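Here are some notes on how the two chains of this model meet, written for reading alongside the structure.

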Protein chains: 2
Amino acid sequence: MARRPKGPVSDTRGRILDVAEGLAQHRGFNGFSYADIAGEMGITTASLHYHFAGKAELGRSLIERYAERFAQKLEEIDATSPDARARLEAYAGLYAALLEQGRFCLCGVLAAEYETLPKPMRDAVTGFFDKNEVWLIQVLELGKAQGALQFSGAAADAARMIVAGLEGAMLVARPYGEVARFKAAAVQLLAGLARTVPAQPQAG
Amino acid sequence: MARRPKGPVSDTRGRILDVAEGLAQHRGFNGFSYADIAGEMGITTASLHYHFAGKAELGRSLIERYAERFAQKLEEIDATSPDARARLEAYAGLYAALLEQGRFCLCGVLAAEYETLPKPMRDAVTGFFDKNEVWLIQVLELGKAQGALQFSGAAADAARMIVAGLEGAMLVARPYGEVARFKAAAVQLLAGLARTVPAQPQAG
DNA sequence: GTCTATAGGCAGATAGAC
DNA sequence: GTCTATCTGCCTATAGAC
């Protein structure tokens, strides 16, 4: 498993996706053009059309590669951290790492312009969130069984709150250009799930 | 106070803003054009330019009106709910009401395309979030004093988590078109701040 | 695979009549 | 205040040479 469908055949395709991903993360899908990609790469827009029939197809590939890589990182977390709480922190760490690279969650950005996206891209975006949710549910249920995590209600609701909280923290941190804003919100968010709270141990 | 700078002089200006606001919320600022507004209103783009010199100025007016109205609603909450927890719930209710009208937070959408926005719009967006934060800090500190709310760390961090959580819940609910998704996440979020938790009273 | 050249459409914006 | 007419520039996309 984990074998790549495409080898490093020409890798122009990959470099196009690299550039496009950065542009999409920073400017949104409606905020960049083929000319922007071509300009940054030193090629022409006609060349881009050789690799991707149109912007819609490029966009779909963009999300699919992004989601694939994200899923790989989740697998790595599973393999590295047996503890549910550590897994959650590593999960938040994926978002923080993005911000520290001066990037943002591609699907968070695309969610904001969801209605303008071509259908294949829309499906890929929800697919990404669905996968995140499934993974988080499994972590949350493990954590509950381990006695390391607590939450009221269904694991699915808690999972959605985590995705929402992290995506939102990233979204709001963006205008300020402050990674610290994201981190403070993330800590605050996960603190609500930790069973042993370090702060005021107010026995009722 | 609270006197409007402009009376209902011609109100074409206001109707333009109404239409543009809906378009911006649904498609993002880069996802609609003067032609879209004009088409929806049954006028021409030249007429739009009479009321707003350019799209940048229109955008700035859009945010300013939005922020003004939001601030008014916060004042109404202050006047209506003396209790801090009720205020927080009313605050989340503002977001829920937007979604139920099939709308989204204008500034949340704009935050996602922040880097592409003209400078005056960027300042207006951060101004909106700043105002939210200031209001929330005051509510959180009141709640702490009342003994109705609890949170670890600074009130400012908790405030930012609330804004992030609600904006994120709205963002992620959007691709699914499910208001319930937002509400579940919001409840989950505020539950972490309530001092008396209704769920498992697990005395440790 | 990459190029030049170009099509056809839409963007934001302006001049000037009414 | 709203219109017609028009400009310039950028957009995605294609044809066809190399």
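**Notes on the interface**

1. In this predicted model, B:Arg181 lies within helix α9 of chain B, which covers residues 179-191. Because its relative accessibility is 9%, and the cut-off for a buried residue is under 20%, B:Arg181 counts as buried.

2. Setting aside the neighbours within four places in sequence, the residues in contact with B:Arg181 are A:Glu133 and A:Arg160 from chain A, together with B:Ala173 and B:Tyr176 from chain B. With A:Glu133 the contact is also a salt bridge between side chains, at 3.2 Å from N to O.

3. Across the interface of chain A and chain B there are 4 salt bridges by the rule applied, and the polar contacts there, with both residues at pLDDT 80 or more, come to 14 residue pairs. On the side of chain A that touches chain B, the elements giving two or more residues are α1 (12-27), α6 (106-112), α7 (119-146), α8 (155-176) and α9 (179-191) of chain A. Of these, α8(A) gives the most, with 15 residues, and by class that side of chain A has 21 nonpolar, 12 polar and 11 charged residues.

4. As for extent, 44 residues of chain A are in contact with 44 residues of chain B, and the area buried between the two chains is about 4,000 Å², with carbon and sulfur atoms giving 59% of it. In chain A, the residues that lose the most area to chain B are A:Glu115, A:Leu171 and A:Gln188, which together make up 15% of what that side buries.

Note on methods. Residues are numbered from 1 along each chain as its sequence is written. Chains are lettered from A and ligands numbered from 1 in the order in which they are written. This is a predicted model: local features need pLDDT of at least 70, side-chain atom pairs count only at pLDDT 80 or more; totals for chains, interfaces and linings use all residues. Side-chain values use heavy atoms; hydrogens and water are left out. Contact means heavy atoms within 4.5 Å. Buried area is the accessible area (1.4 Å probe) that two parts lose on being put together, summed over both. A polar contact is a pair of N or O atoms within 3.5 Å; within protein, one must be able to donate a hydrogen and the other to accept it, and residues adjacent in sequence count only if both atoms are side-chain atoms. Helices (H or I, at least four residues) and strands (E, at least two) are DSSP runs, numbered from the N terminus. Ala, Val, Leu, Ile, Met, Phe, Trp, Tyr, Cys and Pro count as nonpolar, Asp, Glu, Lys and Arg as charged, and the others, Gly among them, as polar. Buried means under 20% relative accessible area, exposed over 50%, partly exposed in between (1.4 Å probe, protein chains only).
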